[in-house]
Amino acid sequence: MYPNDIRPLTSLRIAAALWVLVYHFRDHLGLDVDRLGFVAKGYLGVDLFFILSGFILSHVYLGRVEEKRFNYGSFLWARLSRIYPVHLVTLAATVAIWLVAMKLGARFDPVAFDPLVLPQHLLLIHAWGTTPSVQWNFPSWSISAEWFAYLIFPLAALLVLALRRLAWLAVALSLGLFFVMFWSVESNGLPLSEVTRLGIIRIVPAFLFGAALYQLGRTVVLPGFAALLGASLAVLWIVVGSSLHWSDAAIWPAFGLLIFSLAEASKTNPRGVLGSVALVYLGEVSYSVYMAHLPVDIAYFHALDRIAPNLSGAAAWAAWLGVFVATLIASIALYHLVERPARNWMRAHDPFLRKPPSEPNHEPVI
């Protein structure tokens, strides 16, 4: 039986977010950071989030679906309270930075910053094939994809529950769906890293994979040493595969092994591996980290270019590392000033509930 709060999975979120950040910051200051394969594969951090999301939402809600006490309206309101306030603020920040930078004479890609697509971003449908490319606060494509997954969660839950006695089959089917999707887009010359404008097709197999793994965890129990061994092998698999530039399809299943193993370890040692207070806190802040890093990126490196152009050597490395500090400071402020209070206010004003909400507050979001 999993504990209510699977702390290692909360901590895992900050690792996934930082992997994405390193990937997005890799081209600045001419440091050639992406010569490291692990950095170049950082876009896969989003897929780790997607699988994690399917696992934890199943942890929180699958029992409710099974017992026929699932409130779809309240579920969507809770999900919206988790993602929308920060999305709205970071989108506004991106627009404001763009306006100021344009006034100062900076140039931006007119396709990437097209005001005509702002309605799609406000409606969270910009990863549903409604825009010509990833635009504005680029990382938010994954939030749009998450919103789609939330909308179809009851279908995913019913599918997993239908195979409750064959949890291994559900895991195998979701893996098979991923490989079919992957090879279909690859055959059309589209690598997984570019499946963003149609992010909804990227999240479906990942979300189902996470839900199926949770169902598997309801039927088996790994001994503590086996869970830790599985987590260690998964980390080794991911690091080696990324460093050697393996195909994304060869790395992707390791995310499931990592999540499942960490969750299984929490059954016997809830505060064990990755369960420290500091890591759990960073995991809670990770959504703000993920959503704030592009506005910080734009403001930080444009300011740096004006203040200290042509940096090189140790100074360039120090400046590059500084963007992570700036992102973390901005994200902590965003978390405490916007994300948490807005989420709590919305949940306290849930129009679909007549009694105060009692849902655990540990679901991962990107």
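Trainee: Is E66 buried, partly exposed or exposed?
Mentor: E66 counts as partly exposed, at 29% relative accessibility. Keep in mind that this is a predicted model.

Trainee: What does the E66 side chain pair with?
Mentor: E66 forms a salt bridge with the side chain of R218, 2.7 Å from N to O. E66 sits in helix α3 and R218 in the loop between α9 and α10 (224-243), so the pair ties together parts that are 152 residues apart in sequence.

Trainee: And how accessible is R218?
Mentor: R218 is partly exposed, with a relative accessible area of 36%.

Trainee: Which residues are in the salt-bridge network with E66 and R218?
Mentor: R164 is linked with E66 and R218 in that network.

Trainee: How many salt bridges does the count come to?
Mentor: Eight salt bridges. One of them joins the side chains of K41 and D248, at 2.7 Å from N to O. K41 is in the loop between α2 (37-40) and α3, while D248 belongs to helix α11 (residues 248-268), so this pair ties together parts 207 residues apart in sequence.

Trainee: Are K41 and D248 buried or exposed?
Mentor: Both K41 and D248 are buried.

Trainee: What about E67, what does its side chain meet?
Mentor: The side chain of E67 meets that of R69 in a salt bridge, 2.5 Å from N to O. E67 is exposed, with a relative accessible area of 52%, and R69 counts as exposed at 52% relative accessibility.

Trainee: Switching to the fold. How many helices and strands?
Mentor: The protein has 13 helices and zero strands. Its radius of gyration is 20 Å, close to the 21 Å that the globule rule gives for 366 residues, so the protein is as compact as a globular protein of that length.

Trainee: What box do the C-alpha atoms fill?
Mentor: Roughly 60 × 50 × 45 Å, along the principal axes.

Trainee: What share of the residues is buried?
Mentor: Of the 366 residues, 53% count as buried. As for contacts with a separation of 6 or more, residues 24 or more positions apart account for 80% of them.

Trainee: Now α6. Why is it described as largely enclosed?
Mentor: Nine of the 11 residues of helix α6 (residues 141-151) are buried, so the rest of the structure largely encloses it. Among those buried residues are W141, E146, W147 and Y150.

Trainee: What covers them?
Mentor: The cover on the buried residues of α6 includes α3 (45-66), α4 (72-103), α7 (153-162), α9 (199-217) and α12 (277-307).

Trainee: Last one, what's the charge count?
Mentor: There are 25 positive and 21 negative side chains, and the centres of the two sets lie 9 Å apart.

Conventions. Residues are numbered from 1 along each chain as its sequence is written. This is a predicted model: local features need pLDDT of at least 70, side-chain atom pairs count only at pLDDT 80 or more; totals for chains, interfaces and linings use all residues. Side-chain values use heavy atoms; hydrogens and water are left out. Helices (H or I, at least four residues) and strands (E, at least two) are DSSP runs, numbered from the N terminus. The radius of gyration is taken over C-alpha atoms; the globule rule is 2.2 Å times the number of residues to the power 0.38. Buried means under 20% relative accessible area, exposed over 50%, partly exposed in between (1.4 Å probe, protein chains only). Contact means heavy atoms within 4.5 Å. Lys and Arg count as positive and Asp and Glu as negative; His and the chain ends are not counted. The place of a charge is taken as NZ of Lys, CZ of Arg, CG of Asp or CD of Glu. A salt bridge is a side-chain nitrogen of Lys or Arg within 4 Å of a carboxyl oxygen of Asp or Glu.
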